[in-house]
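Subject: Structure handover and notes

Dear colleague,

I am passing this structure on to you, and my notes on it follow below. Please read them with the structure open beside you.

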Amino acid sequence: MKLKITFSAILAVLLLVFCTALGIPKLAVSEIPELEKLSKDPRLENPSGLSKLKFTIFKTGEKKASSAFIFEGGPLFHRKQIYHSVVFVEHPKGTFLFDSGLGTQIQEQYKDHRFYVKPMVAYQNPNPLVSQLKANGIDSDKIGDIVLSHLHWDHAGGVEDFPKARIWSTEEGRRHLQEFGVQKGYLPKQLDSENIIWKNLGFSSKPYENYSKSLDWFGDGSVVFVPMEGHTAGDIGMFLNLPSGKRFFFTGDITWAKEGFEIPSHRTRLLRSIVDRDQELVGKEIYRVHSLLKVYPNLEVIPAHDGEVIDRLGLYPHWTE
Ligand SMILES: [Zn+2]
C-alpha cells in the first residue's frame, strides 16, 4: 500500500512538471462561443408545488489525490478527497439511483485496467452499495431504475448487483464503450451480463436552463436530466428540484472538483488527454456550469467524485429534502 501511494505521488509530480514544462494554458473562457440563453421552468417559481422528493448519497470507495492533479490551478500540497458516489433518490413515483459506484466484483474487474492506468485509479475502502443497503435493512429490489452519468468503471461498477433494475444510458454512451473498452477507462466485464435490462435515455428538444435538450423524468419538474458532452460520449447530468426550494445539479465527471466549475478550470492537460474524449467539448460544459452558477449562486453543484462537497451535504444516513 505504501508503495502504491508513493508511486501515485511521484506520478502526480511528474505529470505536473510535464504540464508546466509544456506551458499548458488554463481554460480559455474568451474563446468559448456564447452559450444558449436560459430557459427557466415556471414550476420552480413555486417549489412547494413540486413532488415530495428526497435523496441521499452513498460512498462506495474513495482515494486521496493532490488538488493539482485534480484541476488546473489546484494547490500541489492540498490532498483532495475523492469519493466513488451513488445518489439514491426517492420520489413518490419510484426509487432510482444516479450512478452505481464500485460493485461487489470490483477487485476482480480492476485487474483489467491497463498497467499504467492502475496507479491513477487505485481506490481504497471499497464498500458496494448493495452491501450497504443490506446492512441498513433497505430492500435493493425497490430500486426500479439506475441512470448512469456515463459508463466508466467507477460509475457502472454496481450495475450487475441490481439485476432487477432497468439500466439507463444514452445510445452514444454504449457505442463508445463498445468501440473503445479498456482503452478509454471502461471495464466491459462490468456490463457484459445478458440479463442487464438496458434502456436508452433519450432527450426531448425542450431546452432547460442553458441546455438545449432535457428529459423531465417524472414529468413534474423535480428530476431533470440534461446532456453533457465530451468526457465520454452521451454523458448525462441531473438536476434535482426539491419542494423546499433547494436545487442540486449532479454533473458526473465533467470535472472532478467543484473548483473546476468555479474557476473555471479543466483537469490537467495530460490527464484530460487520457480520460476525456473531446477536451474542447468538456471545456464548453465546464463553462456552461460556470455561467449557470453566476445566475444561481445557490445552486448546489455536485461533481460525482468531489468528497468535500459530498461531505458538506452529508452521506447516508443523512437525507436531503
Ligand atoms: Zn469518468
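Histidine 152 and histidine 231 are both buried, where buried means under 20% relative accessible area, exposed over 50% and partly exposed in between, computed with a 1.4 Å probe on protein chains only. Please keep in mind that this is a predicted model, in which local features need pLDDT of at least 70 and side-chain atom pairs count only at pLDDT 80 or more, while totals for chains, interfaces and linings use all residues. Residues are numbered from 1 along each chain as its sequence is written, and side-chain values use heavy atoms, with hydrogens and water left out.

The two histidines belong to the zinc site, where the ion is coordinated by His150 (NE2), His152 (ND1), His231 (NE2) and Asp253 (OD), at 2.2 to 2.3 Å; donors are N, O and S atoms within 2.8 Å of the metal (3.2 Å for Na, K and Ca), and sites may look incomplete, since water is not among the atoms. Along the chain these donors follow the spacing H-x1-H-x78-H-x21-D. Histidine 152, in the loop between β4 (143-147) and α6 (153-156), and histidine 231, in the loop between β8 and β9, are 79 residues apart and so link distant parts of the chain. Helices (H or I, at least four residues) and strands (E, at least two) are DSSP runs, numbered from the N terminus.

β7 is joined to β8 (residues 223-228) by 2 bridges, and the two run antiparallel, with leucine 215 opposite phenylalanine 225. The pairing of β8 with β9 is also antiparallel, over 6 bridges, and valine 226 has glycine 237 in β9 as its bridge partner. These two strands form a hairpin with 6 residues between them, and glycine 230 in the turn has a positive phi of about 110°. β9 in turn pairs with β10 in the antiparallel sense over 4 bridges, phenylalanine 239 being partnered by phenylalanine 249.

How many residues of β9 are buried? The count is 7 of the 7, so this strand is largely enclosed by the rest of the structure. Asp235, Gly237, Phe239 and Asn241 point one way from β9, whereas Ile236, Met238 and Leu240 point the other way.

Finally, the largest nonpolar core has 26 residues, and those with the most contacts inside it are Phe55, Trp217, Phe225, Met238, Leu240 and Phe250; such a core is a set of buried Ala, Val, Leu, Ile, Met, Phe, Trp, Tyr and Cys residues joined through side-chain atoms within 4.5 Å. A second, separate core of 22 residues includes Leu133, Ile143, Ala156 and Phe162.

With best wishes

Technical notes
Two strands pair if DSSP finds at least two bridges between them.
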